Amino acid sequence: MILDVHHVGIAVRDMDEAYAFYRDALGLPLVKEGDVPARGVRAAMLAAGRSYLELVQPIDDSSPFAKHIEERGEGLHHLALLSDAVDSQVEALREAAVPLEDHEAREGFTGRLSYLHPLAFDGALLEVVQPEDGLRGNKDRNGHITRIDHVVLRVPDPQAVCSRFESYFGVATKRSFERGPMLFAFLRPGDVIIEVIGPKDGGDPDSGRIAGLAFEVKGIDDLAASLKEKGYPVGEPHAALQGGRIVSVHHSGACGVPVAFIDFS
């Protein structure tokens, strides 16, 4: 069973630069770090509420993360869903002929996991993970960030992707609406919202990607001022469509990730 979003994976060129923003400037606590020779990477887990960011820096040119950065640049890489029984989850996916990169669950940096093939979600890369004991949620909060509010998937066929979320994982669409040529859909497997966006009449096949990351925060004005003082490309807080106030950091200042902060207080 899928319980929530466990983590969002970010492929980075320089771990020190990633630490400077996500750990130091945003105050996200580092809970695990280390090299993963089998994947050719250096990885780190930072807690954000009950979920995490996984920062991944290639240290070997043959790493799939090196290939991702070469082809797409650094930035959002994968979305990992929290499973309470990953082996049976993968078995069910395999029996349903879902395209998989890992046909059997394996031990990884975050726990026992399996990557789906990008074709399963039209180019967007998803993972299912049953995390190790030390990565099962963090109640402590440092700084302004309280949790990951939502993750954006931009896909060529939002209706098909939402159907697959329900068929593969039992995660139903909570609501959807159209705005001009675009369809917006919202799923909530647990604490974190998955926002699925795409053209209602279809787009380029296999063009899906993890496209955005938003945190819920307290004290948005102080956070924006602090980031601006540190030299990050941050805008001015303003009213958000979903209520509260929002501010964004340009992807050039966040290791290729379009990051937003929302304050509902």
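Me: Buried means a relative accessible area under 20%, exposed means over 50%, and partly exposed is what lies in between. In this predicted model, why is Thr146 called partly exposed?

Reply: The relative accessibility of Thr146 is 22%.

Me: Asp149 is placed in strand β9, residues 145–154. Why is Asp149 called buried?

Reply: The relative accessible area of Asp149 is 7%. The cut-off for buried is under 20%, so Asp149 is buried.

Me: Which residues does Asp149 touch, leaving aside those up to four places away in sequence?

Reply: Asp149 touches Val192, Ile193, Ala214, Phe215, Glu216, Ile262 and Phe264.

Me: What makes the pair Asp149 and His150 a polar contact?

Reply: The two side chains meet at 2.7 Å, and the limit for a pair of N or O atoms is within 3.5 Å. Residues adjacent in sequence count only if both atoms are side-chain atoms, and this contact runs from side chain to side chain.

Me: How do you know that Ser51 is buried?

Reply: Ser51 has a relative accessible area of 1%. This is under 20%, so the label buried applies to Ser51. Ser51 sits in strand β4, residues 51–58.

Me: What lies around Ser51?

Reply: Beyond residues up to four places away in sequence, Ser51 touches Val5, His6, Leu46, Ile148 and Val192. With Val5 there is also a polar approach: a polar atom of the Ser51 side chain lies 2.8 Å from the backbone oxygen of Val5, against a limit of 3.5 Å.

Me: What is noted about the backbone of Asp206?

Reply: Asp206 is not a glycine, yet its phi is positive, about 65°. The residue lies in the loop between β12 (193–199) and β13 (209–217). Its relative accessible area is 45%, which falls between 20% and 50%, so Asp206 is partly exposed.

Me: Where is Cys255, and is it buried or exposed?

Reply: Cys255 is in the loop between β15 (245–249) and β16 (259–263). Its relative accessibility is 1%, under the 20% cut-off, so Cys255 counts as buried. Cys255 also has a positive phi, about 55°, without being a glycine.

Me: What share of the contacts joins residues at least 24 apart in sequence?

Reply: Among contacts between residues at least 6 apart, the share is 62%.

Me: What makes up the accessible surface, and how many charged side chains are there?

Reply: The protein exposes about 11,800 Å², of which carbon and sulfur atoms supply 46%. It has 27 positive and 41 negative side chains, and the centres of these two sets are 5 Å apart.

Technical notes: Residues numbered from 1 in each chain as written. Predicted model: local features only at pLDDT ≥ 70, side-chain atom pairs only at ≥ 80, totals over all residues. Heavy atoms only, no water. Contact = heavy atoms within 4.5 Å. Areas by Shrake-Rupley, 256 points an atom, 1.4 Å probe, with all protein chains shown as cover. Lys, Arg positive; Asp, Glu negative; His and termini not counted. Charge placed at Lys NZ, Arg CZ, Asp CG, Glu CD. Helix = DSSP H or I, 4+ residues; strand = E, 2+ residues; numbered from the N terminus. Buried < 20%, exposed > 50% of the residue type's maximum accessible area, 1.4 Å probe, protein only. Polar contact = N/O pair within 3.5 Å; in protein donor to acceptor, adjacent residues only side chain to side chain.
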